[in-house]
Amino acid sequence: MTDVLNLIGGARVGEPEIARRNPADPGEVVAVTPSSDASAVDAALTAAVEAQAAWAATPAPARGAILLDAADLLRSRQAEVAADLSREEGKTLAEATGEVRRAVDVLRFFGSLGWRTSGEVLPSALPGTTIFTRHEPLGVAALITPWNFPIAIPAWKLAPALISGNAVVVKPAELTPLSVAHLSDALVEAGLPAGVLNVVHGPGSVIGDALARDHRVAALSFTGSTRVGLGLHRILGERRARVQLEMGGKNAYLILDDADAHAAARVVAASAFGLTGQACTATSRVYCTPGVREAFLGALAKEAESVTMGPVVSEQQLAADVAAIDTARAEGAEFVAGGRPPVGQFLPPTVLTGLGHDSSVVREEIFGPVVAVLGVESYEEGLDRVNDSRYGLTAGICTQNLAAAHHFAAHAQVGVVKVNRPTTGLDLNVPFGGVKDSSSNTFREQGTAALDFYTWSKTVYMGHE
Ligand code: ADP
């Protein structure tokens with residue numbers, strides 16, 4: 001598959017125009033997509049609106065059965081889909097395989113909820129009266145997705161949307177169209193009615209903007225940069241449409257003196273260099289109390305030597321990573337690992353130290369395999385540093401001290417706290433999202449919490465006397 005067309009009202013349409021190349025081997029064209037304009041958004045929304053009522057009227061277990069069949073199809077194609085995902089995004093085959101499995105499991109999780117989604121029955125003070133709630137679908141949801149989890153993120157947005165009875169329009173990241181094509185193929189082949197799922201490829205500023213402004217879009221779920229997310233928030237807020245944003249992070253780890261330096265280094269290396277550091281939950285700042293700092297730095301340098309990483313996703317992202325490293329060098333950073341020029345689009349894992357707390361590499365998101373290690377005098381100072389950020393997605397602490405771990409869990413200003421575990425990687429059944437500029441901090445994604453975003457609650461009084 002090279003031509004990846006739009007999916008509108010069940011038809012694959014559009015002219016292939018824009019080529020995506022393999023970041024590990026730029027001579028290879030992986031996919032060619034249309035560069036659609038607002039007219040494709042209009043057609044997709046027309047199809048979605050037309051299909052939605054019948055979809056919502058389909059019994060939830062029947063909707064779920066389609067998601068479950070799509071999961072089986074995707075599972076049977078796992079090797080091919082993972083290879084394509086790795087070719088278009090650049091993550092290692094092991095990481096890509098894990099991500100495809102995640103998409104399969106997400107479809108299974110929400111598919112099985114077809115038998116369970118329901119409201120509550122509540123007592124009434126009135127005689128002969130039963131109260132219940134119904135969770136109604138919103139209508140049409142727009143899903144704007146990034147390149148770093150090109151199949152898992154679309155899956156964890158569209159599965160709760162579909163099981164709740166919504167129709168959707170997906171705008172995949174320009175860099176990774178193929179993964180969504182595999183996902184949509186599986187759903188279509190599993191019997192999803194035409195128009196319930198639509199996919200429009202094209203520039204984010206054109207397609208995303210048209211989706212955000214159209215009154216037929218009742219809700220928009222976005223994962224991507226803080227800059228774009230905050231712009232979407234303004235547009236959706238003005239017309240009082242529902243919006244869910246997962247944006248940037250500057251995730252921190254705190255290592256206390258009582259931690260095992262080698263175990264801490266393994267946790268931080270996994271958090272900082274997994275997925276080439278291109279996860280919104282990646283660790284990019286580490287604070288060590290004085291007794292562990294040297295041993296931790298030595299152990300982290302060793303871990304960095306043995307890491308297996310894919311290439312950086314694009315030339316543009318690589319240039320931004322290298323510029324951030326150059327700025328750190330100019331600000332006086334010492335390189336404990338990395339600091340060498342990239343080979344092709346492969347950037348060595350980079351560990352920096354000797355920087356001040358206000359240096360740009362400590363404050364600004366990089367989205368690459370770069371981590372800064374700084375000293376703090378105490379747990380209290382460490383917690384203050386962790387919280388001193390415009391972002392609040394994840395944070396971790398390495399310690400065996402239960403009191404410190406519980407204090408950190410209560411006081412870290414982030415959506416997800418990890419104790420002795422990598423900041424990256426969440427189970428599919430747990431609420432995911434952040435605070436501050438990391439997230440819209442309203443509706444969480446993943447698990448049953450994800451259903452709240454795609455439904456509205458109606459209260460019904462049933463008098464029966
Ligand atoms: P990243 O740094 O991950 O590429 P972006 O925020 O640029 O983050 O992209 C995330 C998603 O948002 C992509 O699908 C992209 O096409 C889309 N996008 C980019 N610009 C806009 C915009 N102005 N409005 C809506 N969506 C956009």
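This is a predicted model: local features need pLDDT of at least 70, side-chain atom pairs count only at pLDDT 80 or more; totals for chains, interfaces and linings use all residues.

Q: Which elements give two or more residues to the shell around the ligand?

A: Those are α7 (204-213), β10 (219-223) and α8 (226-238). The largest share, four residues, comes from α7.

Q: And which residues come nearest to the ligand?

A: There are 17 residues around the ligand, and Thr 145, Lys 171, Glu 174, Gly 204 and Ser 225 come nearest. By class, the shell has seven nonpolar, seven polar and three charged residues.

Q: How do I read a polar contact?

A: Look for a pair of N or O atoms within 3.5 Å. In this model, a side-chain N or O atom of Lys 171 is 2.6 Å from an oxygen atom of the ligand. For Glu 174, a polar side-chain atom lies 2.7 Å from a ligand oxygen, and the side chain of Ser 225 has an N or O atom 2.7 Å from an oxygen of the ligand.

Q: How much of the ligand does the protein bury?

A: Taken alone, the ligand exposes 550 Å², and the protein buries 76% of that.

Q: What about salt bridges?

A: Here a side-chain nitrogen of Lys or Arg is within 4 Å of a carboxyl oxygen of Asp or Glu. The structure holds 18 salt bridges. One of them joins the side chains of Arg 87 and Glu 28, at 2.6 Å from N to O.

Q: Why does that pair tie together parts that are apart in sequence?

A: Arg 87 is in helix α3 (residues 78-89) and Glu 28 is in strand β4 (residues 25-33), so the pair links parts that are 59 residues apart in sequence.

Terms used. Residues are numbered from 1 along each chain as its sequence is written. Side-chain values use heavy atoms; hydrogens and water are left out. A residue is near a molecule or strand if one of its heavy atoms lies within 4 Å of it. A polar contact is a pair of N or O atoms within 3.5 Å; within protein, one must be able to donate a hydrogen and the other to accept it, and residues adjacent in sequence count only if both atoms are side-chain atoms. Accessible areas come from the Shrake-Rupley method with a 1.4 Å probe; for residues, only the protein chains shown count as cover. Ala, Val, Leu, Ile, Met, Phe, Trp, Tyr, Cys and Pro count as nonpolar, Asp, Glu, Lys and Arg as charged, and the others, Gly among them, as polar.
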